[in-house]
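Please look through the sequence and the structure below, and then follow the explanation one part at a time.

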Amino acid sequence: MVYEFRYLAPKSVGRLCAALTEHAGAAKLLAGGTDLLPNIRNGVFKPDYVIDLKLLPGAAKLQYSQVDGLIIGPAVTINDLLRQRSVRRLYPVLCDCAHQLASHQIRNRATVAGNVVNASPCSDMAPALLCLDAVAVIRSAAGQRQLPFSQFFTGVKKTALLPGEFLEKIIVPAASSNASGRYLKLKRIAGHDLGIVGVLCTLHQGRRRYAVSSAAPTPVLVDGFSAGDGPEDVERRVLAAVSPISDVRASQEYRRHMIAVYARQLLQEVR
Ligand SMILES: Cc1cc2nc3c(=O)[nH]c(=O)nc-3n(C[C@H](O)[C@H](O)[C@H](O)COP(=O)(O)OP(=O)(O)OC[C@H]3O[C@@H](n4cnc5c(N)ncnc54)[C@H](O)[C@@H]3O)c2cc1C
């Protein structure tokens, strides 16, 4: 049976906030729909209202400046990110993660904002946003607040967004530009698949960081490495930060093993 809902497409932030307040608990926001629509079809979500945010002014804004950093609007797709030359040049780590998210067809619809609000432990964009100190700009009828992504993810498919709030934009600071790094993602099949584990290592101004996906209820940032850390130190610290489970994709033991393998490999490669 087809599930019926009312479709709204507000053209101003004010109208969107009013709709979110009026239909609190009964509405879901729509960006690319690659998570939302399967969830509606499978009966996981039963919203009375679906509110499309793609018509908001600035929703598709993807712009870099040395003052503001990289601004990513809520309708910016993964492929928009990959297509923009300045993003590829200044934020290669963001593109490495983006390139490994799903297939080209999905990347044409899937947004960066939707990926993080969906808050899956296996989100491929979260590791990059964590390592690059990105900030969530959150808006509601009550006003605007900013939250670093290190505080955004609160559990499996849970975020710090409160009822009536939405993710208005993502800011990746200019200070994080030119970070080098590499994302290794283990999948069951060649081509596109959700990750069994994903390990990102970045190096920026002498500071090494790791972020791990599919290894805990939320994507995990591991910081505070020193220049003299060897493979054992790195492996120990990364494994101490994660708590993978066994599921249909892999056992906990295999996940821990591969996280250690990738952490060591990336220590060699990201120099
Ligand atoms: C076949 C397939 C393969 C996939 N493979 C991967 C993969 O390899 N890696 C990966 O990380 N993901 C994968 N995904 C998941 C999905 O594509 C991503 O999470 C996608 O980025 C979600 O973005 P969207 O624009 O489609 O979000 P939507 O589906 O529109 O929204 C996702 C959720 O966030 C909410 N939302 C959206 N935007 C906002 C906002 N601005 N403020 C507040 N709430 C908002 C929606 O209400 C919804 O609950 C896959 C999905 C499919 C169908």
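Is strand E13 (residues 207-213) mostly covered or mostly uncovered? Counting along this strand in the predicted model, one finds that six of its seven residues are buried, where a residue is called buried if 20 or more other C-beta atoms lie within 10 Å of its own. Strand E13 is therefore mostly covered by this count.

The strands that pair with E13 can be taken one after the other. Strand E12 (residues 197-204) runs antiparallel to E13 and is joined to it by seven bridges, with Leu203 standing opposite Arg208. Two residues lie between E12 and E13, which together form a hairpin, and in its turn Gln205 has a positive phi of about 50°. Strand E14 (residues 220-222) also runs antiparallel to E13, but here the joining is done by three bridges, and Val212 stands opposite Val220 in E14. The hairpin of E13 and E14 has six residues between the strands, and Ser214 takes a positive phi near 60° there.

Elsewhere in the chain, three strands form an open sheet in the order E1-E3-E2, and their pairing is parallel. Because strand E1 (6-8) and strand E2 (27-30) stand at the edges and have a single partner strand each, one side of each is left without a neighbour in the sheet. From one strand to the next, the twist averages 25°. Between E1 and strand E3 (residues 49-52) there are three bridges, and Tyr7 has Val50 in E3 as its bridge partner.

In total, 30 residues surround the ligand, and the closest are Ala31, Gly32, Ala102, Gly114 and Asn115. Helix H7 provides the largest share of this shell, with five residues. By type, the residues of the shell divide into 17 nonpolar, nine polar and four charged.

Among contacts between residues at least 6 apart in sequence, 61% join residues at least 24 apart.

Technical notes
Residues are numbered from 1 along each chain as its sequence is written. This is a predicted model: local features need pLDDT of at least 70, side-chain atom pairs count only at pLDDT 80 or more; totals for chains, interfaces and linings use all residues. Two residues are in contact if their C-beta atoms, placed from the backbone, lie within 7 Å. Two strands pair if DSSP finds at least two bridges between them. Helices (H or I, at least four residues) and strands (E, at least two) are DSSP runs, numbered from the N terminus. Axes are lines fitted to C-alpha atoms, for helices over the stretch in contact, and angles run from 0 to 180 degrees between N-to-C directions. A residue is near a molecule or strand if its C-beta atom, placed from the backbone, lies within 6 Å of it. Ala, Val, Leu, Ile, Met, Phe, Trp, Tyr, Cys and Pro count as nonpolar, Asp, Glu, Lys and Arg as charged, and the others, Gly among them, as polar. A residue is buried if 20 or more other C-beta atoms lie within 10 Å of its own, exposed if 12 or fewer, and partly exposed in between; C-beta atoms are placed from the backbone.
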